[in-house]
Amino acid sequence: MAAASRGGGGGPKALELLRALPRVSLVNLRPNPGAKKSERRRGRGRHGGKKSGRGHKGQRQRGNRPRLGFEGGQTPFYLIIPKYGYNEGHSHRRQYHPLSLQKLQYLIDLGRVDPTQPIDLTQLTNARGVTIQPLKRDYGVQLVEKGADNFSAKVNIEVQMASELAIAAIEKNGGVITTGFYDPRSLEILCKPIPFFLRGQPIPKRMLPPEDLVRYYTDAKNRGYLANPSNIPEARLELAKKYGYVLPDISKDELFQMLSTRKDPRQIFFGLAPGWVVNMSEKKILKPTDERLLRYYSS
Amino acid sequence: RLLRGGTLQERAGSDLFCLCLLEKPPLVISSAPVLRGCHLAIPSHRTAVQAWVESLRHYDDRHVGLADLHPDVFAVMPRVDILHTVAVWQRNYKRISYAKVKTRAEVRGGGKKPWAQKGSGRARHGSIRSPLWRGGGIIHGPRGPTSYYYMLPMKVRVLGLKVALTAKLMQDNLHVVDGLDMPTFDPQYLADLAQYRRWGQSVLIVDVNKMPENITKAAASLKTITLVPALGLNVYSLLKYETLVLTLDTLAFLEEKLLWHDSRYTALYPFHLPYSDFP
């Protein structure tokens with residue numbers, strides 16, 4: 001009908017045309033031509049019929065072909081090639097969703113991410129910059145170098161992994177970057193806080209990284225959250241020398257308070273400690289008073 | 001002759017003639033016109049479309065004011081194929097076909113070989129309930145309750161509503177009313193009003209608020225005029241009824257709800273759970 005004609009130039013002309021046409025009602029509806037192609041059913045006439053796509057005589061027509069992969073007796077391809085564990089344990093491997101500096105700059109420029117607040121995985125998920133699926137072995141986000149040349153935002157960002165150049169790009173603009181580990185349960189809570197609060201469970205403490213990641217997160221070069229804080233200024237200077245930029249002094253910055261906020265290793269959310277229960281409907285936070293609970297949650 | 005028989009026009013004309021004798025003729029343009037501007041921002045490259053605001057208080061109250069309608073709801077591209085998609089979905093997604101026939105295994109009997117393989121002169125058979133036999137099982141028949149449930153993407157259904165509203169407006173089948181206050185609960189008054197104003201064979205009246213008693217009583221006995229709450233508005237009903245009558249509150253409600261989908265993030269979790277950044 002009106003939508004199918006290509007002669008009109010856009011919306012206004014189509015609406016003018018619609019005014020002159022009969023009333024659109026249940027009897028006038030049809031899909032666009034070519035939208036519904038009826039399927040070819042076997043055994044029903046000229047092009048689905050006669051031999052019905054089975055060929056002429058033999059195993060093909062009679063449905064007696066050997067199994068898939070059989071090569072007439074020759075050792076088939078799938079047996080002759082030796083096994084190798086390319087995909088072995090793939091479902092136990094940690095995956096980190098890449099976040100390029102270009103994308104981060106894009107989100108900040110569009111106002112989807114607020115650079116005046118610490119940037120967390122929650123902020124990135126709320127801005128729909130990344131989509132993390134903890135159930136698919138995602139362990140978080142890794143910062144990637146693409147767009148490092150044009151990156152010019154001063155942010156306090158916390159990711160799970162970051163390459164050296166990405167760290168350099170953030171620090172060159174006067175920002176702060178930290179890498180932190182989240183176990184899958186904490187990650188799920190971090191990415192979708194509201195469904196978790198609605199469950200009414202107390203906020204759990206974030207688990208410490210597994211053995212193979214401890215070395216990564218205790219290294220100041222990776223700005224790990226478990227690294228000695230006194231090693232970090234040295235590492236910043238080293239990186240500045242390596243990449244050849246002047247390291248800006250963030251202590252003189254007006255946003256120094258915000259830039260220096262870091263999470264406790266056992267904390268999932270800024271401003272909320274493990275053990276607290278958030279009541280969304282009554283807008284209250286319940287804190288534990290029992291000694292044993294307090295000892296557990298502060299350990 | 002006018003009491004029984006006579007054409008519909010003649011009968012209606014007589015009633016209105018009686019009404020005319022009883023009441024003062026209405027003002028064509030009232031002294032305080034109701035002007036409704038669009039509450040939500042209109043993109044700068046588009047202008048609002050307009051519709052007369054009418055009233056149900058008098059049979060000829062057709063120019064009570066003027067309403068601005070948002071172009072992204074009431075002047076979208078007339079995608080008739082989307083109307084088709086949504087109308088077909090509305091018909092089919094609730095459908096459960098209960099047809100079920102028995103296969104040869106389910107038909108009672110037929111375990112024993114009817115006669116010996118060789119010697120009887122008749123064709124060879126293994127069971128009296130094979131599909132070749134009269135009373136035998138059916139191959140490839142309908143099997144059990146089948147559901148035809150599927151969901152169209154939310155934005156397609158929203159666009160369907162927008163296209164339907166656009167089509168109604170552009171084809172002069174949309175009427176805006178300032179309220180549903182009626183002077184009487186007589187169904188004949190409503191029917192005559194609809195006919196005088198040439199609204200069409202069937203009218204769908206939509207309101208967000210609770211509807212006043214007069215109109216509910218009047219429409220209850222009428223078959224062609226239906227009242228519907230704003231939440232019950234759907235593409236199938238919009239296409240089935242020839243005319244659509246909206247109140248000003250319904251306009252605001254529809255514009256707000258339908259335009260929200262144009263500029264929202266995708267859902268992280270179901271929309272009925274609370275979000276902090278958008279309603």
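**Notes on the two-chain model**

1. Starting with a strand pair in chain B: β1(B) and strand β3 (residues 65-69) of chain B run parallel and are joined by three bridges. Within that pairing, R36(B) has A67(B) in β3(B) as its bridge partner. Keep in mind throughout that this is a predicted model.

2. Zooming out, β1(B) and β3(B) belong to an open sheet of seven strands in chain B, ordered β1-β3-β2-β6-β9-β7-β8, and the pairing is mixed. β1 (34-36) and β8 (225-229) of chain B are the edge strands, each pairing on one side only. On average, neighbouring strands of this sheet are turned by 30° against each other, if you ignore direction. As a reminder, strands of a sheet pair through backbone hydrogen bonds, and can do so parallel or antiparallel.

3. Then there's the helix over that sheet. Helix α8 (residues 248-260) of chain B lies across β1, β2 (49-54), β3, β6 (174-177), β7 (203-207) and β9 (243-247) of chain B. Its direction is at about 95° to that of β9(B).

4. Some overall numbers for chain B: eight helices and nine strands, with 41% of its 279 residues buried. Of the contacts in chain B with a separation of 6 or more, 72% are between residues 24 or more positions apart.

5. One residue in chain B to click on is S237(B), which sits in helix α7 (residues 235-240) of chain B. Buried or exposed? S237(B) has a relative accessibility of 19%, so it counts as buried, the cut-off being under 20%.

6. Over to chain A, which has an open sheet of three strands in the order β1-β2-β4, with parallel pairing. Here the edge strands are β1 (95-100) and β4 (161-162) of chain A, each pairing on one side only. Strand β2 (residues 138-144) of chain A runs parallel to β4(A), and two bridges join them. A162(A) in β4(A) is the bridge partner of L143(A). Helix α4 (residues 101-109) of chain A packs on this sheet, where it touches β1 and β2 of chain A, and its direction makes about 60° with that of β1(A).

7. Another parallel pair in chain A is strand β3 (residues 156-159) with β5(A), joined by four bridges. One bridge there has E158(A) partnered with T178(A) in β5(A). Strand β5 (residues 176-179) of chain A is covered on both faces: V176(A) and T178(A) are buried on one side, I177(A) and T179(A) on the other.

8. Helix α10 (residues 231-243) of chain A is worth a look down its axis. It has 13 residues and spans 19 Å from first C-alpha to last, close to the 18 Å expected. Which of its residues are buried? They are I232(A), A235(A), R236(A), L239(A) and A240(A). Those buried residues of α10(A) line one face of the helix, because they fall within an arc of 140° when seen down the axis. After α10(A) comes G244(A), with a positive phi near 75°.

9. Two lysines in chain A deserve a backbone check. Most residues other than glycine have a negative phi. K50(A), though, has a positive phi near 55°; K50(A) is in the loop between α1 (11-20) and α2 (58-62) of chain A. K50(A) is exposed, with 80% relative accessible area. K283(A) also has a positive phi, about 55°, without being a glycine. K283(A) is in the loop between β6 (277-279) and β7 (284-286) of chain A, and at 73% relative accessibility K283(A) counts as exposed.

10. Last, the interface. Chain A and chain B bury about 2,700 Å² between them, with 68% of that on carbon and sulfur atoms. Three residues, R23(A), L26(A) and R128(A), supply 25% of the area chain A buries against chain B, more than any other three residues. The contact involves 30 residues from chain A and 32 residues from chain B.

How values were computed: Residues are numbered from 1 along each chain as its sequence is written. Chains are lettered from A and ligands numbered from 1 in the order in which they are written. This is a predicted model: local features need pLDDT of at least 70, side-chain atom pairs count only at pLDDT 80 or more; totals for chains, interfaces and linings use all residues. Side-chain values use heavy atoms; hydrogens and water are left out. The expected span of a helix is 1.5 Å times one less than its number of residues. Buried means under 20% relative accessible area, exposed over 50%, partly exposed in between (1.4 Å probe, protein chains only). The arc is that of the directions from the helix axis to the C-beta atoms. Two strands pair if DSSP finds at least two bridges between them. Contact means heavy atoms within 4.5 Å. Axes are lines fitted to C-alpha atoms, for helices over the stretch in contact, and angles run from 0 to 180 degrees between N-to-C directions. Buried area is the accessible area (1.4 Å probe) that two parts lose on being put together, summed over both.
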